[in-house]
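Here are some friendly notes to read alongside the model. Take the points in order, and keep the 3D view open as you go.

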Amino acid sequence: MTIDGILDELESLLTDGSRLPFTNKRILEEDDVIRLLDELREKFPDEVAEAAQIVAERQRILEKAQEEARKIVEQAKMYAIKLTDENIIAKQAQEQSNEIVILANKEAADLRNDAISYADSVFKHLEGQIEKTLEVVRQGHNELIQSRRNEKNLEAARHGHNELNQSR
């Protein structure tokens, strides 16, 4: 099950849980909540590994772009050296070499920027998912604690009522 699926199921548990009368509190099956939290814990390493793969892929793309740029620059230099025998041809070669270097540097920069933008958007998406999950977990935990307090208060009220009846 995906993290979104787990969150959907957790949300269903919250919305389908029995309401405590006169409150906005719900009663949840502890085993179901714990099972979903365990599944979330299992999925997080997968998401983190996926992010690491994206970073590694970005690095590979950057290295490939830099190697490609280096090769293009090297080819341009070799081409320029080869054509230096004739003055006009040498000037043309130099101009072409410069254009190729500029183009290669621009393409490398574009590839680098695209890879960084892609990785940034993936990290933002992952961060948003993790924040949503954490908020749901916190809310469920708070509701569980509040439910437990309400049960203790109800029990204390019942206990006090029974003592009052016994003293009569």
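1. **A buried serine.** Let us begin with Ser97, which counts as buried because its relative accessibility is 7%, and the cut-off for buried is under 20%. You will find Ser97 in helix α3. Which residues does Ser97 touch, once its neighbours within four places in sequence are left aside? They are Ala76 and Lys77. Please remember while you look that this is a predicted model.

2. **The overall plan.** Now step back to the whole chain. The protein is built from 3 helices and 2 strands. The spans of the C-alpha trace along the principal axes are about 120 × 20 × 20 Å.

3. **Two pairs to compare by eye.** Ile88 belongs to helix α3 and counts as exposed, at 62% relative accessibility. Next, pick Asp114 and Ile61, which are 53 residues apart in the chain and have their C-alpha atoms separated by 9.8 Å. Asp114 is also a residue of helix α3, and its relative accessibility of 51% makes it exposed.

4. What share of the 168 residues counts as buried? The value is 23%, and Ser97 from the opening point is one of the buried residues. The protein exposes about 12,600 Å², and 53% of that area comes from carbon and sulfur atoms. As for contacts, take those with a separation of 6 or more: residues 24 or more positions apart account for 63% of them.

5. **Charges.** Counting charged side chains gives 24 positive and 35 negative ones. The centres of these two sets lie 4 Å apart. Some of the charged side chains pair up, and the structure holds 8 salt bridges. The next points look at a few of them.

6. **A salt-bridge network.** Look at Arg35 and Glu39, whose side chains meet in a salt bridge at 3.1 Å, N to O. Both residues sit in helix α2, which covers residues 30-82, and they are 4 residues apart, about one turn of the helix. Arg35 and Glu39 also belong to a network of salt bridges, together with Glu9. Is Arg35 buried, partly exposed or exposed? With a relative accessible area of 33%, Arg35 is partly exposed.

7. Glu67 and Arg70 form a salt bridge between their side chains, at 2.5 Å from N to O. These two residues are 3 positions apart in helix α2, so about one helical turn separates them. Glu67 is partly exposed at 33% relative accessibility, and Arg70 is partly exposed too, with a relative accessible area of 44%.

8. Which residue does the side chain of Lys124 meet in a salt bridge? The partner is Asp120, at 3.3 Å, N to O. Lys124 and Asp120 are 4 residues apart in helix α3, which runs over residues 87-167, and about one helical turn lies between them. Lys124 counts as exposed, with 53% relative accessibility, while Asp120 is partly exposed at 37%.

9. Finally, turn to Phe22. Phe22 has a positive phi of about 65°, although it is not a glycine. Where is Phe22 placed? The residue lies in the loop between β1 (18-19) and β2 (26-27). Phe22 counts as exposed because its relative accessible area is 88%, and the cut-off for exposed is over 50%.

Notes
Residues are numbered from 1 along each chain as its sequence is written. This is a predicted model: local features need pLDDT of at least 70, side-chain atom pairs count only at pLDDT 80 or more; totals for chains, interfaces and linings use all residues. Side-chain values use heavy atoms; hydrogens and water are left out. A salt bridge is a side-chain nitrogen of Lys or Arg within 4 Å of a carboxyl oxygen of Asp or Glu. Buried means under 20% relative accessible area, exposed over 50%, partly exposed in between (1.4 Å probe, protein chains only). Contact means heavy atoms within 4.5 Å. Accessible areas come from the Shrake-Rupley method with a 1.4 Å probe; for residues, only the protein chains shown count as cover. Lys and Arg count as positive and Asp and Glu as negative; His and the chain ends are not counted. The place of a charge is taken as NZ of Lys, CZ of Arg, CG of Asp or CD of Glu.
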